[in-house]
Amino acid sequence: FNLGAGMSDPKELAEKAKAILESRGQSYGDYRPLYRKIARRWSNTLEMEITPSMVCRLLCEMKLARWENSGYQEDHAIDAANYIFLAGSLEKY
């Protein structure tokens with residue numbers, strides 16, 4: 001299987017995404033309180049309920065918009081994936 005020039009193996013991207021999640025966890029601690037705070041602040045600003053999971057899904061959309069606007073950069077894909085992973089883990093939080 002040849003990925004061609006400039007293409008990354010999905011497993012390689014997943015490993016990079018995992019490493020970033022682990023690094024951020026070591027640097028900032030438990031992500032749940034942060035996204036709960038962001039959700040509360042956005043809820044107050046927008047005068048509608050925003051959940052921690054929604055925060056992550058919206059941040060993923062931001063990364064996808066950047067990808068669309070400026071073309072592919074590896075960090076767009078990795079960050080978008082990590083936001084989706086976080087959203088899934090926060091869905092019942």
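Mentor: Helices are DSSP runs of H or I with at least four residues, strands are DSSP runs of E with at least two, and both are numbered from the N terminus. This is a predicted model, in which local features need pLDDT of at least 70 and side-chain atom pairs count only at pLDDT 80 or more, while totals for chains, interfaces and linings use all residues. Residues are numbered from 1 along each chain as its sequence is written, and side-chain values use heavy atoms, with hydrogens and water left out.

Trainee: In which helix does Leu 21 lie?

Mentor: Leu 21 is partly exposed, at 32% relative accessible area; buried means under 20%, exposed over 50%, and partly exposed in between, with a 1.4 Å probe and protein chains only. The helix that holds Leu 21 spans residues 10-28 and is α1.

Trainee: Which element gives the most to the largest nonpolar core?

Mentor: Such a core is a set of buried Ala, Val, Leu, Ile, Met, Phe, Trp, Tyr and Cys residues joined through side-chain atoms within 4.5 Å. This one has 13 residues, and among those touching the most other members are Tyr 35, Cys 56 and Tyr 83. Two or more residues come from each of α2 (31-46), α3 (52-70) and α4 (74-90). The element that gives the most, with five residues, is α4.

Trainee: How far is the sulfur of Cys 56 from the closest cysteine sulfur?

Mentor: A disulfide is a pair of cysteine sulfur atoms within 2.5 Å, and the structure holds zero of them. Cys 56 is buried at 0% relative accessibility, and Cys 60 is buried at 6%. The closest sulfur to that of Cys 56 belongs to Cys 60, too far for a bond, at 9.4 Å.

Trainee: Which residue forms a salt bridge with Lys 16, with the closest N and O atoms 2.9 Å apart?

Mentor: A salt bridge is a side-chain nitrogen of Lys or Arg within 4 Å of a carboxyl oxygen of Asp or Glu, and the count comes to five. The partner of Lys 16 lies in helix α4, whereas Lys 16 lies in helix α1, so the pair ties together parts 58 residues apart in sequence. At 2.9 Å between the closest N and O atoms, that partner is Glu 74.

Trainee: What value is phi of Glu 47 near?

Mentor: Most residues other than glycine have a negative phi. Glu 47 lies in the loop between α2 and α3 and is exposed, with 75% relative accessible area. Its phi is positive, near 55 degrees.
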